Amino acid sequence: MARCYTDCLERPLRIFFCALGRLIGSHPWWFLTAPLVLSAGLGSGFYLVKSRLSNDIEEQFTPVSGAAKTERRYIQETFPEDGSMASSLRLSTAGTYGTFIATHETDILTAESLQEILDLDVHVRNMSVEMDNQTFQYADLCAQVARGACYSNDILKILNYNARNVELINLTFPWYDGRFGRVSHTTSMSMQWEFEKTPASIVQLFSITYAIVILFTVLCCWRMDNVRSKIWVGGVGVLSTGLAVLSSFGMLLFLGCPFVMTVASCPFMILGIGIDDMFIMVSCWQRTRVMDSPPDRLASTYGKAAVSITITSLTDALAFFTGCCSPLASVRTFSLYAGAAVAFCYLYNITFLGAFLALNGQREAENRHWLICSKIPEELPPGGSGAFGVCCVGGSYDRATGKEADPVSRFFEKFYGPFVTQAWTKGLVSMVYVGYLAGGIYGCSTLEEGLDVSHLALDDSYIIRYYNTQRQHFSEYGQNVMVAVKQPFPYWSQEAQKMLCFVDFENLSYVNSTSAWFLSFKQYANESNLDVSSKEGFLSHLPSFLKLNPIFRQDLNYSVDGIHASRFFVQTLNTATKKQILLGLRRAAEHCKVDLLVYHPAFIYYDQYAIITDHAVETVLVAVAVMLSVSLILIPNPVCCLWVAFAVCSVLVGVAGFMALWGVSLDSISAINLVICVGFSVDFSTHVSYSFVCSAKRAPNDRAVEALGQTGGPVLQGASSTILGVLVLSASGSYIFRTFFKVMFLVIGFGLLHGLLFIPVFLTFFAACRKL
């Protein structure tokens with residue numbers, strides 16, 4: 001088993017990066033300026049961002065090839081809407097309308113309350129709007145019903161628009177106590193308009209985030225030594241990440257890729273990835289010999305860091321690109337932008353950041369001050385003051401090893417590493433892991449599916465109040481779903497009507513009742529003593545019925561030859577989940593002997609419930625497979641590759657489970673973050689596993705301690721910078737960005753827990769391989 005170490009690709013790659021590091025270290029200015037020029041050119045693509053915006057909710061957050069879209073197309077072609085006979089029940093889309101919900105602390109069906117509602121109705125009807133130098137009244141734009149009258153509220157019609165009539169009429173419509181005020185409102189376009197406000201709500205958060213991360217990075221790179229301090233390297237690391245976002249986004253905008261709102265969260269994530277790689281490179285630089293030339297030091301740095309960074313960046317990018325196959329356009333677009341940003345981040349870290357690291361190394365080699373670049377003494381001159389020693393002395397290093405001192409790495413190597421490799425600590429860690437896994441599995445069993453459309457609006461939006469009021473007062477009944485009969489059918493036959501599966505639909509626990517035009521026709525025929533039990537009698541009397549009830553014309557597709565298709569309606573109850581209602585109605589239609597189709601405009605959005613879990617699982621499995629393939633090729637130890645895969649799967653279980661316990665559903669937003677989870681899990685576990693494999697020590701505990709000493713500091717600093725990068729999103733007024741924060745917090749927290757605790761301990765249990 002000791003010979004399972006394989007480096008057929010890793011060793012040549014390491015040699016290549018050593019040569020690349022020496023080349024960059026010898027000609028740093030070329031590799032410093034080229035990325036700047038490239039970023040300036042590609043970044044000009046941001047001028048196209050307004051023309052590339054694609055924030056249509058249906059387009060981005062519903063399955064591209066959802067079944068409901070095919071169903072809608074059939075309904076629109078078979079039952080075209082009649083503009084002179086408006087019916088909200090028969091709309092194939094959300095329509096164009098405005099809605100008010102009036103509430104009261106007590107009974108709203110009083111003369112005083114109804115008078116206020118009537119006043120509101122009059123105010124709306126008296127509104128006028130101007131467009132293209134024309135003035136339009138409500139009557140010019142309203143949806144019309146019979147004889148050209150505007151569509152109106154049924155209750156107000158029953159009252160004959162007189163509030164005092166409420167005392168004379170027995171209305172059975174229920175009333176509830178309200179807490180949200182008198183009136184809440186929305187329109188069919190409100191959600192779209194409010195959704196488009198979301199990107200502007202986080203503009204300020206970008207500046208705050210970058211300020212926090214720059215400050216943190218600078219502090220992490222700051223040293224008490226005025227020569228060895230790498231403050232400018234930290235700043236350039238953040239700049240390198242910014243250039244990567246600028247270049248990748250600009251390039252995709254040039255190529256015509258749409259820019260959707262979910263992409264706005266991408267820079268927060270890329271910032272963490274780039275800073276993590278920067279900390280790895282700085283840590284490896286500090287482990288090189290101080291007296292070597294900057295090109296040699298950079299070659300040694302690349303030999304240690306570049307392969308590890310390549311593995312993580314390649315797996316991150318490929319994990320994101322797997323999301324481009326998603327049936328949800330928002331996930332596709334985010335994955336494309338994120339994958340491109342990771343690729344540019346890797347490119348600029350290898351070139352731009354590496355070149356600046358070499359230039360900073362030249363300054364250190366000449367013992368120059370980090371700020372003023374003047375040569376300073378390594379030790380305090382005789383007679384020098386304490387202030388002079390603090391501000392103007394530097395350049396010391398460990399004479400025994402010839403390397404720079406790194407207090408963070410020293411802490412992991414001298415204190416933390418020996419602590420976690422003790423026998424009792426390993427037992428405790430194993431118990432903690434069992435508890436973590438149990439919590440994650442339990443959470444997965446409670447995970448809800450689908451994106452509530454109301455979550456796409458900002459918290460302070462007026463439509464949130466509307467949705468809350470609607471849930472409080474009108475949550476008993478669900479949609480009135482169309483059931484289309486797609487074939488000619490003998491509606492006149494009482495026996496044949498049983499084949500329409502009325503009983504099957506009504507037996508569903510979430511179906512209240514059914515209504516159909518032919519049932520009304522039968523009632524009309526009975527009252528009029530008409531014989532409609534034959535085809536001839538049915539079709540001959542049908543026109544007179546439709547003349548009296550013109551609204552039913554929209555439920556028929558017929559000619560003189562007969563009825564080619566028709567539709568009836570099923571009233572649902574909110575006693576089951578949206579997924580159960582959608583799939584249950586479709587299943588009932590499929591099992592019916594007659595060719596039926598069920599549809600409601602809301603099904604366009606409900607389709608995500610039918611595919612989101614399978615899609616998320618498939619995407620994650622593909623991403624894990626890609627990650628494992630890359631790891632097997634580049635990590636010189638197959639067993640440790642499996643440990644990396646184990647870490648990824650373990651983190652995924654924890655994130656999925658605990659995000660459910662945190663109130664996050666599995667939707668297109670969290671699905672994006674689960675793909676991110678694969679990438680970050682690889683980052684944390686790969687750095688530690690790779691260092692463990694490459695250690696020359698024999699004892700597993702010693703190898704774990706050395707791996708933690710080499711990568712523990714950079715991993716902790718990189719994770720901390722990522723958490724700080726997304727922390728401000730917790731204060732966002734948007735559900736989308738708060739969800740991004742929650743899932744990213746879990747990803748980073750659990751990834752760090754695995755990288756610095758679980759994986760080092762478990763590697764000592766099963767350390768079968770070592771480098772020869």
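Helices (DSSP H or I, at least four residues) and strands (E, at least two) are numbered from the N terminus. The model is predicted: local features need pLDDT of at least 70, side-chain atom pairs count only at pLDDT 80 or more, and totals for chains, interfaces and linings use all residues. Residues are numbered from 1 along each chain as its sequence is written, and side-chain values use heavy atoms, without hydrogens and water.

**View 1. Helix 21 and its buried side.** Helix 21 spans residues 517-527. Its buried residues (under 20% relative accessible area, 1.4 Å probe, protein chains only) are Trp-517, Phe-518, Phe-521, Lys-522, Tyr-524 and Ala-525. They share one side of helix 21 because they cover an arc of only 160 degrees around the axis, taken from the directions from the axis to the C-beta atoms. Asn-526 and Glu-527 are exposed on the other side, exposed being over 50%. The cover over the buried residues includes helix 19 (494-497), helix 22 (535-548) and strand 8 (562-573). Just after helix 21, Asn-529 has a positive phi of about 55 degrees.

View 2. Beyond neighbours within four places in sequence, Met-269 is in contact (heavy atoms within 4.5 Å) with residues including Phe-320, Ala-338 and Met-744.
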